[in-house]
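Here is a friendly tour of one protein chain, taken one topic at a time. Keep the 3D view open and look up each residue as you meet it.

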Amino acid sequence: MTSTVPRPYADAFSGWDGSTAAAREMQKELAGKVVLADDFGPLQLIAGVDVGFEEGGAVTRAAAVLLDAQTLVPVAQALARIPTNMPYIPGLLSFRELPAVLQALDALGQVPDLIFSDGHGIAHPRGLGIAAHLGVITGLPTIGVAKKILTGQHSPLGERRGDQVDLLDRNGNIIGTVLRSRDKVRPLIISPGNRVSLQTAPQLVMRYVTRYRLPEPTRLADRLASRRDEKRAATQPLLDL
């Protein structure tokens, strides 16, 4: 798809009164709308989204990067900066970060065929991490790529690139995959967000892992959201020419 994004997502949190109790109830309701089956066509454009903070957390800085799915060449990128609307509360990350993420995605100007989100999909206490919340709201296929476990347990994981084990909830249900994306690096926690199956999610992540730990969509979004390139440039010595 290459059409202009058709929606401002203004009503993404309609009906929420701002309380944590209502947020948790909304998560339970939206979790029932997650589609855990492969429901996407040929991938032409893929996106990565991530969030950082400025001014001591007062400003939420969301980054969205759009890439050609075949070449991984960046096609577009966008930043959205908005006032942070709530403090960090474990399990409610999407309510803190999604408003800015949605604005950044809109600013890309094109609809991705698949979104990789920094954070969890269904590997969440109520089955609705930020990637799943994003997928349900937009209706788009999404995958959560997290750096640490929020909930669940798993068996020992091998040290080689591509090694993976199931992430299980307390009842033994599979809620994601613990994936070694490179030899002997810390594993990633992969879980589908929406319209992607449990089996396919880690395969798609590995398809887009190059020589780094993170797949390219979230790696590039992370660099933009964290201002890592700006900080690196600021610490480089000036050259006398």
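Is Glu55 buried or exposed? Glu55 counts as exposed because its relative accessibility is 62%; exposed means over 50% relative accessible area, buried means under 20%, and partly exposed is in between, using a 1.4 Å probe and protein chains only. You can find Glu55 in the loop between strand E1 (45-54) and E2. Its phi is near 55°, which is a positive value in a residue other than glycine.

Leu72 also has a positive phi without being a glycine, with a value near 65°. Leu72 is found in the loop between E2 and E3. Leu72 counts as buried because its relative accessible area is 17%.

## What kind of model this is

This is a predicted model, in which local features need pLDDT of at least 70 and side-chain atom pairs count only at pLDDT 80 or more, while totals for chains, interfaces and linings use all residues. Residues are numbered from 1 along each chain as its sequence is written, and side-chain values use heavy atoms, leaving out hydrogens and water.

## The chain as a whole

The chain has 6 helices and 8 strands. These are DSSP runs numbered from the N terminus: helices are H or I with at least four residues, and strands are E with at least two. Starting at the N terminus, the order of elements is α-β-β-β-α-β-α-β-β-β-β-α-α-α.

Of the 241 residues in the chain, 51% are buried. A contact means heavy atoms within 4.5 Å. Among the contacts in the chain with a separation of 6 or more, 64% are between residues 24 or more positions apart.

Strands pair if DSSP finds at least two bridges between them. Strand E2 (residues 59-68) and strand E3 (residues 74-83) are antiparallel partners, with 9 bridges. Here Val65 stands opposite Gln77 in E3. The hairpin has 5 residues between its strands, and this is where Leu72 takes its positive phi.

Strand E6 (residues 164-168) and strand E7 (residues 174-179) also run antiparallel, joined by 5 bridges. Asp166 faces Thr177 in E7 as its opposite number. Which residue in the hairpin of E6 and E7 takes a positive phi? Gly172 does, with a value near 85°, and there are 5 residues between these strands.

## Rings that meet

A search of the whole structure turns up 2 aromatic pairs. Rings of Phe, Tyr and Trp (its six-membered ring) pair if their centres lie within 6.5 Å; planes under 30 degrees apart count as stacked, over 60 as edge-to-face and the rest as tilted. Trp16 and Phe95 make a tilted pair, 4.8 Å centre to centre with 55° between the planes. This pair links distant parts of the chain, 79 residues apart: Trp16 is in the segment before helix H1 (20-31), and Phe95 is in helix H2 (residues 93-108). Phe95 counts as buried because its relative accessibility is 0%.

Phe116 and Tyr208 form an edge-to-face pair, with 5.8 Å centre to centre and 80° between the planes. Phe116 lies in strand E4 (residues 114-118) and Tyr208 in the loop between helix H4 (200-207) and helix H5 (216-226), so the pair ties together parts 92 residues apart in sequence. Both partners are buried: Phe116 has a relative accessible area of 0%, and Tyr208 has 2%.

## Helices and their covered sides

H1 has 12 residues and spans 16 Å from its first C-alpha to its last, close to the 16 Å expected at 1.5 Å a residue; the expected span is 1.5 Å times one less than the number of residues. Its buried residues are Ala23, Met26, Gln27 and Leu30. They sit on the same side of H1 because they cover an arc of only 105° around the axis, an arc taken from the directions from the helix axis to the C-beta atoms. H2 and helix H3 (130-138) are included in what covers these buried residues.

H5 is mostly covered, with 9 of its 11 residues buried. Among them are Pro217, Arg219 and Leu224.
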